[in-house]
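Work through the exercises below with the coordinates open. Each task is followed by a solution in steps.

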Amino acid sequence: MPWMSGRDKGRKGFFWLLLQWLFLSAWLMTACQIPISISVTGPGTPSPTALASADGTGRPLDRWLTLATGVELRYEHWKGPSGNEDTVMITRFDPRHIALRVLYSPSAPHFISDWLKQEKGALAVVNGGYFNDQGQATGLVISDGQVYGTSYRGFGGMLYVDGQGAIHLRSLSQYPYSAGEQLQQATQSSPMLVLPGAKRTQFDADASSNRRTVVAFDKEGRLLFIVSPEAAFSLDEFDDLLLASDLQIDVALNLDGGSSTGLYLNAGGQRFGVDSLTPVPIALVLQPR
């Protein structure tokens with residue numbers, strides 16, 4: 001304005017810049033409070049907006065995300081001595097708050113993402129143990145009290161639910177299965193990777209790299225499923241990385257890997273997952289207790 005002095009004009013410009021700065025600061029503080037969903041999805045599944053991370057995939061690394069009571073998710077970038085590397089997906093469950101079921105359908109296998117759609121209210125679905133070309137389990141399966149197949153003898157391990165609903169993981173060479181056991185659910189696989197007390201096992205396995213699925217309990221009694229979605233690690237290498245991690249693994253069993261590897265988590269209003277590349281007849285379902 002013509003009646004304003006140069007000093008007055010300078011003050012007005014300063015206050016105008018200050019007002020703009022305050023407005024921008026308030027907008028940024030509001031924007032930072034907008035919830036952002038994170039998802040790693042399989043074929044055909046829409047992906048929500050993702051956070052930036054160190055590995056460039058949109059996955060937050062090295063921190064636990066609590067998604068529901070007793071349900072946690074974590075991503076870690078693992079690199080082996082061979083130079084192979086992958087971002088592994090780790091889910092951790094408090095057994096006091098979840099129940100485990102084993103689903104078995106030799107004649108009608110499903111992708112892990114389809115098993116999740118079929119099981120309404122499921123917190124998670126992960127692939128189980130080995131099966132042959134006809135979709136039949138190579139070891140023992142118990143689904144809702146029904147027994148299928150024959151137990152491994154002298155090798156492998158078993159994830160199971162006892163008559164009181166408690167979830168266990170044991171070595172079959174140390175504690176063989178008895179037909180008289182009253183189990184509600186069970187799946188068997190091989191090899192045992194870690195024996196109770198975090199003891200590394202020795203086993204014969206080829207040196208090829210493949211997708212991996214592992215079930216474990218940590219030293220605090222929490223149930224974990226660890227998935228490596230890329231064909232990055234040999235079984236020996238993955239076992240070493242498992243014990244070198246900060247997951248405090250107490251006991252662990254290798255589940256079917258390769259094209260069978262799949263894990264979907266559906267909690268906190270969000271879906272996270274790695275789909276199997278082929279349909280699988282054995283699926284492990286975690287539900288709220």
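**Exercise 1.** List the residues in contact with Leu 159, leaving aside its neighbours within four places in sequence.

Solution. The model is a predicted one. Step one: take heavy atoms within 4.5 Å as the contact cut-off. Step two: collect the partners of Leu 159, which are Leu 100, Ile 167, His 168, Leu 169, Gln 185, Ala 186, Thr 187, Val 215, Leu 223, Phe 225, Leu 253 and Leu 284.

**Exercise 2.** Which residues of the largest nonpolar core touch the most other members?

Solution. The core has 39 residues, and the ones touching the most other members are Phe 93, Leu 159, Leu 223, Phe 225 and Leu 265. By element, β4 gives the most to this core, with four residues. A second, separate core holds 19 residues, including Ala 216, Leu 235, Leu 242 and Ala 252. As background, nonpolar side chains in soluble globular proteins tend to be buried together.

**Exercise 3.** Classify the aromatic pair of Phe 93 and Phe 225, and state which strands hold the two rings.

Solution. Step one: the ring centres are 6.4 Å apart and the planes make 70°. Step two: planes over 60 degrees apart count as edge-to-face, and the pair of Phe 93 and Phe 225 is of that kind. Step three: Phe 93 lies in strand β3 and Phe 225 in strand β14, so the pair ties together parts that are 132 residues apart in sequence. Both Phe 93 and Phe 225 are buried.

For contrast in geometry, take Phe 233 and Phe 238: with 6.0 Å centre to centre and 35° between the planes, this pair is tilted. Phe 233 and Phe 238 are both buried. Ring pairs also bring in Trp 78, giving a cluster of Trp 78, Phe 233 and Phe 238. The count of aromatic pairs comes to five.

**Exercise 4.** Give the strand order of the eight-stranded open sheet and find its edges.

Solution. The order is β1-β2-β3-β14-β13-β15-β11-β12, with antiparallel pairing. The edge strands are β1 (65–68) and β12 (199–200), each pairing on one side only. Helix α3 (residues 235–244) packs on this sheet, touching among others β2 (71–79) and β14 (223–233), and its direction makes about 135° with that of β14.

**Exercise 5.** How many bridges join β2 to β1, and how many join β2 to β3?

Solution. β1 and β2 pair over three bridges, with Leu 65 and Leu 73 as bridge partners. β2 and β3 pair over nine bridges, and here Glu 76 stands opposite Val 88. Next, inspect the turns. The β1–β2 hairpin has two residues between the strands, and Gly 70 takes a positive phi near 75°. The β2–β3 hairpin has five residues between its strands, and Gly 83 in the turn has a positive phi of about 95°. Seven of the nine residues of β2 are buried, so β2 is largely enclosed by the rest of the structure.

**Exercise 6.** What is the strand order of the five-stranded open sheet?

Solution. The order is β4-β18-β5-β16-β17, and the pairing is antiparallel. Its edge strands are β4 (98–104) and β17 (270–274). Neighbouring strands of this sheet are turned by 15° against each other on average, direction ignored. Five bridges join β16 (residues 263–267) to β17; among them, Tyr 264 has Gly 273 as its bridge partner.

Conventions. Residues are numbered from 1 along each chain as its sequence is written. This is a predicted model: local features need pLDDT of at least 70, side-chain atom pairs count only at pLDDT 80 or more; totals for chains, interfaces and linings use all residues. Side-chain values use heavy atoms; hydrogens and water are left out. Two strands pair if DSSP finds at least two bridges between them. Axes are lines fitted to C-alpha atoms, for helices over the stretch in contact, and angles run from 0 to 180 degrees between N-to-C directions. Buried means under 20% relative accessible area, exposed over 50%, partly exposed in between (1.4 Å probe, protein chains only). A nonpolar core is a set of buried Ala, Val, Leu, Ile, Met, Phe, Trp, Tyr and Cys residues joined through side-chain atoms within 4.5 Å. Rings of Phe, Tyr and Trp (its six-membered ring) pair if their centres lie within 6.5 Å; planes under 30 degrees apart count as stacked, over 60 as edge-to-face and the rest as tilted.
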